[in-house]
Amino acid sequence: LMAVYNAECYLRKSLDSLLSQTIAEIQVICVDDASSDDSWNLLQQYAEKDSRIEIIRMAENRGQAVARNIALKHAVGEYVTFLDADDWYAPDTLEQALNVFEAHEATDCVLFDVRYVDEAKNMEHGYCWKYPVNIPSNADGSFVCMSGREAFLQSLTWNIHGWYIIKGDIFRRIPYDDTCRHYSDDNTTRPHFRACREVRCCKGKYYYRQIETSVTHVVSTSRMDYMKANASMKQMLIDWHESDEVVSLYEYERWKVVVGSYLFYYLNRNKMDSSAIAYCLAEIRKYWMSIESCRLSWRYKCKLGYCPFLNRWLPRTVGWILFCAEEELYFTLKKMMKKR
């Protein structure tokens with residue numbers, strides 16, 4: 001599955017990496033999300049020369065999740081995966097993953113060997129695994145095998161990554177969460193892991209390009225969607241009747257995103273107009289108010305920058321003022337320390 005939006009600068013490398021796979025039996029479904037550059041013409045050229053590439057053009061831009069779901073409806077393969085239009089695979093990536101599936105009948109999902117590529121700095125590095133030490137690991141630090149349940153729990157704090165190939169019936173049963181335009185991938189990866197029997201790793205490399213103009217780097221109010229996606233994920237946990245321990249674990253992750261969203265606002269507000277500033281503050285306040293502070297441990301609530309000022313004895317207006325003042329102090333001090 002490939003969602004394409006204004007990717008003409010990178011699209012050739014991405015598509016060439018697919019067409020040069022050592023496994024020939026692949027279906028490549030590209031959905032152009034109303035690009036305004038030459039992406040659609042490039043897709044047409046590739047589709048004309050290779051029948052494995054199927055292309056669909058959307059009339060209006062609706063975001064990556066919607067585009068991928070449209071592609072998913074046309075997927076017929078036994079296994080389904082995705083590739084961003086600015087990333088690429090090594091030639092044997094899919095073969096490496098398929099070998100793991102064939103060697104382990106109970107494996108439903110295989111993670112790629114992710115390589116972060118910063119072409120501007122000519123740098124490449126792998127993913128930093130953070131799973132518990134009691135899980136058997138390979139020489140490169142990746143894990144050997146996890147149950148789907150364990151992979152799901154580790155994904156709540158992103159101790160493992162979310163670039164993978166999975167059995168098609170699971171993907172079709174659990175399509176992409178499109179409740180918000182950005183940052184909704186997380187809310188698909190975690191349910192996917194949860195639905196698996198076993199999750200393993202392979203040596204097939206996925207090259208993830210670091211781009212300053214991507215949604216994770218550009219100054220835009222779309223950054224606030226991260227909090228919205230987190231709220232949707234929390235509701236899933238509640239709907240699944242997950243334990244208080246699991247919900248509380250995720251609530252702290254959600255709280256860190258609220259604090260991180262304030263940092264984004266703090267660093268970039270001088271680049272925003274008044275309406276964007278007002279929107280960011282309104283969104284931060286909305287999700288700040290939604291935090292169940294009783295689920296946060298005292299260890300974090302007493303830390304500068306992370307005290308929520310949310311309790312029944314403190315009026316919300318006062319709590320919000322105190323929270324904003326705390327964040328301003330916290331990030332100002334961090335900036336001063338960085339300059340030193």
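**Close-up views of a predicted model**

**View A. Asp177 in the loop between helix 6 and helix 7.** In this predicted model, Asp177 is placed in the loop that runs between helix 6 (168–173) and helix 7 (186–194). Asp177 is buried but has no salt bridge, and the nearest side chain of opposite charge, that of Arg190, is 9.0 Å away. The side chain of Asp177 does make a polar contact of 3.0 Å with the side chain of Thr179. When neighbours within four places in sequence are left aside, the residues in contact with Asp177 are Ala65, Ser184, Asn187, Thr188, Ser232 and Met236.

**View B. Burial of helix 7.** Eight of the nine residues of helix 7 are buried, so this helix is largely enclosed by the rest of the structure. The buried residues of helix 7 are Asp186, Asn187, Thr188, Thr189, Arg190, Pro191, His192 and Phe193.

**View C. Packing of helix 8 against helix 9.** Two packed helices are described by the angle between their axes and by the distance between those axes. For helix 8 (residues 225–239) and helix 9 (residues 244–268), the angle is about 170° and the axes are 10 Å apart. Because angles over 145 degrees count as roughly antiparallel, helix 8 is roughly antiparallel to helix 9. On the helix 8 side, the residues that meet helix 9 are Tyr226, Met227, Asn230, Ala231, Met233, Lys234 and Leu237, while helix 9 contributes Val246, Val247, Tyr250, Glu251, Arg254, Val257, Val258 and Ser261.

**View D. Leu304 in the loop between helix 11 and helix 12.** Leu304 belongs to the loop between helix 11 (298–301) and helix 12 (316–339), and with a relative accessibility of 39% Leu304 counts as partly exposed. Not counting residues up to four places away in sequence, Leu304 touches Glu326, Leu329, Tyr330 and Leu333. Leu304 and Glu54 are separated by 250 residues in sequence and, from C-alpha to C-alpha, by 52 Å in space.

View E. Most residues other than glycine have a negative phi. Asn6, in the loop between strand 1 (2–4) and helix 1 (11–19), has a positive phi near 50° although it is a residue other than glycine, and with a relative accessible area of 30% Asn6 is partly exposed. Asn122, which lies in the loop between strand 6 (107–118) and strand 7 (123–126), likewise is not a glycine and has a positive phi, of about 55°; at 74% relative accessibility, Asn122 counts as exposed.

Terms used
Residues numbered from 1 in each chain as written. Predicted model: local features only at pLDDT ≥ 70, side-chain atom pairs only at ≥ 80, totals over all residues. Heavy atoms only, no water. Helix = DSSP H or I, 4+ residues; strand = E, 2+ residues; numbered from the N terminus. Buried < 20%, exposed > 50% of the residue type's maximum accessible area, 1.4 Å probe, protein only. Lys, Arg positive; Asp, Glu negative; His and termini not counted. Salt bridge = Lys/Arg side-chain N within 4 Å of Asp/Glu carboxyl O. Polar contact = N/O pair within 3.5 Å; in protein donor to acceptor, adjacent residues only side chain to side chain. Contact = heavy atoms within 4.5 Å. Axes fitted to C-alpha atoms, helices over the stretch in contact; angles between N-to-C directions. Parallel < 35°, antiparallel > 145°, perpendicular 65-115°, else oblique.
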